[in-house]
Amino acid sequence: MQTDPNPNKSKDSPTNSDSTESTQSPSPFPDDVLGQVLSFLNSDKDRSSVSLVCKDWYNAERWTRTKLFIGNCYSVSPQIVATRFPKITSVTLKGKPRFSDFNLVPQNWGADVHYWLVMFAKVYPFLEELRLKRMKVSDESLELLATAFPGFRALSLMSCDGFSTDGLKAIATHCRNLTELDIQDTDMSDIDDFNGGWLSCFPENFGSLEVLNFASLDSEVNFDALERLVSRCKSLRVLKVNKSIMLDQLQRLLLQAPQLMELGTGSFQQELLPGQFGDLESAFSNCKNLQTLSGLWEVTSIYLPVLYAACASLTFLNLSYAALRSVEFGSLLAHCPNLRRLWVLDTVEDKGLEAVGSSCPLLEELRVFPADPYDQHLHSGVTESGFVAVSRGCSKLHYVLYFCRQMTNAAVATIVQYCPNFTHFRLCIMNPGRPDYLTNEPMDEAFGAVVKTCSKLQRLSVSGLLTDLTFEYIGKYAKNLETLSVAFAGSSDWGMQCVLEGCPKLRKLEIRDCPFGNAALLSGLEKYETMRSLWMSSCNVTITACQQLAREMPRLNVEGQDGMPHLLFSLFDRQDLLLPSLMLWSGTRAVKMAGEKQSELDHSFLLNENMRND
Amino acid sequence: MERASAYENDLNLKATELRLGLPGTDESSEKQSLRNNKRSSAEMDNSCEKNEQESSPAPKAQVVGWPPVRSYRKNVLHQRNESDLSGMFVKVSMDGAPYLRKIDLKVYKKYPDLLKALENMFKCSIGVYSEREGYNGSEFAPTYEDKDGDWMLVGDVPWDMFITSCKRLRIMKGSEAKGLACL
């Protein structure tokens with residue numbers, strides 16, 4: 001982190017003309033001291049606040065910021081970023097709205113990282129880290145990344161698409177100082193990769209990797225190349241392989257890297273000879289530092305015991321791809337006393353969750369995923385009693401994601417009494433609009449209990465049969481709420497209005513299939529500038545409202561289905577056309593269409609909201 | 001005969017029509033989008049697609065993007081369901097029943113066991129299989145969809161072959177199944 005000794009004298013500064021003596025109350029600190037102090041600031045929220053104090057502080061902050069976080073890649077143009085922050089070495093960019101994970105956003109929506117990389121290549125040749133989420137990343141982009149930044153060290157791609165193993169080949173070939181290659185949750189193009197090629201592209205003298213995660217890649221990899229790579233990388237602490245890696249291969253990898261802290265196994269679907277079983281068991285028992293364990297595809301009760309010896313120090317166990325039943329799950333849990341985070345499939349059922357309640361007193365986070373999400377007539381999975389059992393035994397629980405088919409108001413009330421410290425409460429009752437199955441009433445009181453009791457609540461996902469009352473409760477009590485997800489709920493515009501008026505810290509609001517219309521949308525005009533984004537799908541919003549929104553709030557970007565910019569709305573004759581989907585955020589949809597004029601406005605406040613890391 | 005012509009029509013239109021999902025229902029237009037899934041295959045389509053219930057009053061058609069399970073996780077789970085070694089659960093539907101059931105084929109060793117279990121589960125009478133006449137004379141006849149998507153009469157092939165190729169079961173009304181038996 002370099003501090004420019006004379007920030008005010010810099011020729012690059014856009015506020016050159018307004019330098020040192022312009023402020024009414026000049027900073028009592030000399031500028032280089034200020035710079036030094038600010039370089040210790042890591043929180044984006046703090047940095048945003050600092051930048052608003054006065055011009056001096058704004059300048060000192062921008063010269064000392066090295067980590068850039070942009071929560072919505074269309075909220076600001078690369079040019080503005082480049083002008084404001086000259087010393088960036090680490091970039092985090094997020095693109096598509098979250099509902100693109102569920103196929104609700106058009107394929108060609110955008111969020112292509114390439115034009116960002118082109119700018120970075122010019123302005124930040126010393127870029128070291130790039131973390132992308134829900135962005136389109138082409139092989140061409142990966143090649144640019146690999147060749148234009150000699151000091152590049154860390155690449156993280158979460159839920160990104162558009163690239164193939166060709167792009168990874170470029171990274172492996174050219175990034176001499178790579179310490180991190182982390183690919184998560186990717187639907188990759190299938191590409192013929194007969195040589196298992198990309199892993200072999202790491203040079204023979206390359207050994208700097210600390211993180212290697214290719215668990216979500218489809219293709220076979222060259223195991224010999226992988227084994228040699230792992231043996232060379234003495235600092236490797238995270239290794240997550242894909243399903244092509246078999247048990248005997250995993251055992252060999254573990255022998256090379258007993259220092260691993262995070263392990264993602266390959267597939268457990270292999271018949272081992274007795275000798276091999278013992279080898280695998282002892283390989284696992286050598287891993288004394290394991291904190292995270294994931295993968296475990298096709299693991300069965302026969303093979304689970306090989307893991308036991310490695311579980312003593314486990315804090316995060318991800319079994320969300322392993323269809324375990326309650327018995328073997330309970331046996332495994334008995335060996336994991338230090339678990340803080342647990343992800344499971346609902347095949348473990350309520351009985352399995354009871355075991356969680358009794359074996360995991362330190363548990364802070366639980367996610368229960370549905371093994372069969374689309375079978376609406378299934379009676380298995382977990383119910384309200386599993387959730388209650390966990391809450392009873394795990395008083396430190398503060399993050400829950402729970403998929404179930406039935407729930408009651410009483411159960412939720414009980415749960416939050418046991419665990420009043422929820423920060424993230426995401427309950428998904430899978431049948432849309434399902435009431436309390438015992439009383440047949442709406443689930444309003446359940447979520448009312450949550451927001452009344454859990455004052456630290458930051459994130460809430462609601463489900464089940466809900467009236468406006470739920471949203472009245474949310475608006476009245478959820479004063480720390482930042483993210484709200486709503487589906488198939490509410491009775492009228494009033495519900496959405498309650499939330500918009502009542503939740504001061506609301507940043508992300510996503511709504512689908514609710515009876516909220518124009519009045520609700522327009523009630524939030526001032527609110528939207530303080531939010532990262534609003535996404536609405538299959539509600540009762542028409543183009544009329546969007547046009548009004550666009551007219552009255554020029555700094556807001558409003559988009560309908562297919563990503564049309566708001567400029568085109570005026571061409572529509574049908575004012576009453578119901579919009580299938582709407583996305584709204586503050587900032588500019590920069591570089592989206594050729595010739596579109598980019599806004600030169602640098603609304604610091606607006607930008608700061610979108611550059612806050614959450 | 002009225003019955004013969006009824007079955008003839010049925011034979012032409014429904015019984016031999018290769019469809020995914022319950023005969024008598026329309027192909028749902030709310031298919032789970034597989035755009036993002038480059039590994040999409042016929043098997044994947046079969047397991048993803050769910051059609052509306054024939055007789056339920058408020059049909060719960062599958063809704064796009066709901067429940068909110070990520071594409072990536074969905075794909076992995078479907079692959080798992082396809083290759084589930086620890087159980088061979090298949091869906092069983094019966095004409096006129098409001099909801100389906102699931103049974104584990106691995107639990108049974110031979111046909112009579114399976115038929116008895118089905119009779120118990122659905123409170124119907126299936127009768128005895130004969131090679132020549134199928135389940136002639138019974139109120140209901142068990143059929144299954146095989147890997148090729150064809151609807152077959154239960155009992156024609158050896159048991160082991162049956163359990164590896166059976167993807168779902170349907171207990172048809174005897175009148176409809178008659179057509180199959182006579183082929």
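**Entry 1: chain B overall**

I began with the surface: chain B exposes about 9,700 Å², of which carbon and sulfur atoms supply 52%. I took accessible areas from the Shrake-Rupley method with a 1.4 Å probe, where for residues only the protein chains shown count as cover. I note that this is a predicted model, in which local features need pLDDT of at least 70 and side-chain atom pairs count only at pLDDT 80 or more, while totals for chains, interfaces and linings use all residues; side-chain values use heavy atoms, with hydrogens and water left out. Residues are numbered from 1 along each chain as its sequence is written, and chains are lettered from A and ligands numbered from 1 in the order in which they are written.

Among contacts in chain B with a separation of 6 or more, 56% come from residues 24 or more positions apart (contact: heavy atoms within 4.5 Å).

**Entry 2: the sheet of chain B**

I counted 6 helices and 5 strands in chain B (DSSP runs numbered from the N terminus: helices H or I, at least four residues; strands E, at least two). Their sequence pattern is α-α-α-β-β-α-β-β-α-β-α.

The 5 strands of an open sheet in chain B take the order β2-β1-β5-β3-β4, with mixed pairing (strands pair if DSSP finds at least two bridges between them). Strand β3 (residues 140-145) of chain B runs antiparallel to β4(B), joined by 3 bridges. B:Tyr144 has B:Met152 in β4(B) as its bridge partner. Helix α4 (residues 111-122) of chain B packs on the sheet and touches β1 (89-94), β2, β3 and β5 (168-173) of chain B; the helix direction makes about 155° with that of β2(B) (axes are lines fitted to C-alpha atoms, for helices over the stretch in contact; angles run from 0 to 180 degrees between N-to-C directions).

**Entry 3: A:Ile429**

Is A:Ile429 buried or exposed? A:Ile429 is buried, with a relative accessible area of 2%. I placed A:Ile429 in strand β14 (residues 424-429) of chain A. Beyond neighbours within four places in sequence, the contacts of A:Ile429 include A:Cys404, A:Met407, A:Met443 and B:Trp66.

Technical notes
Buried means under 20% relative accessible area, exposed over 50%, partly exposed in between (1.4 Å probe, protein chains only).
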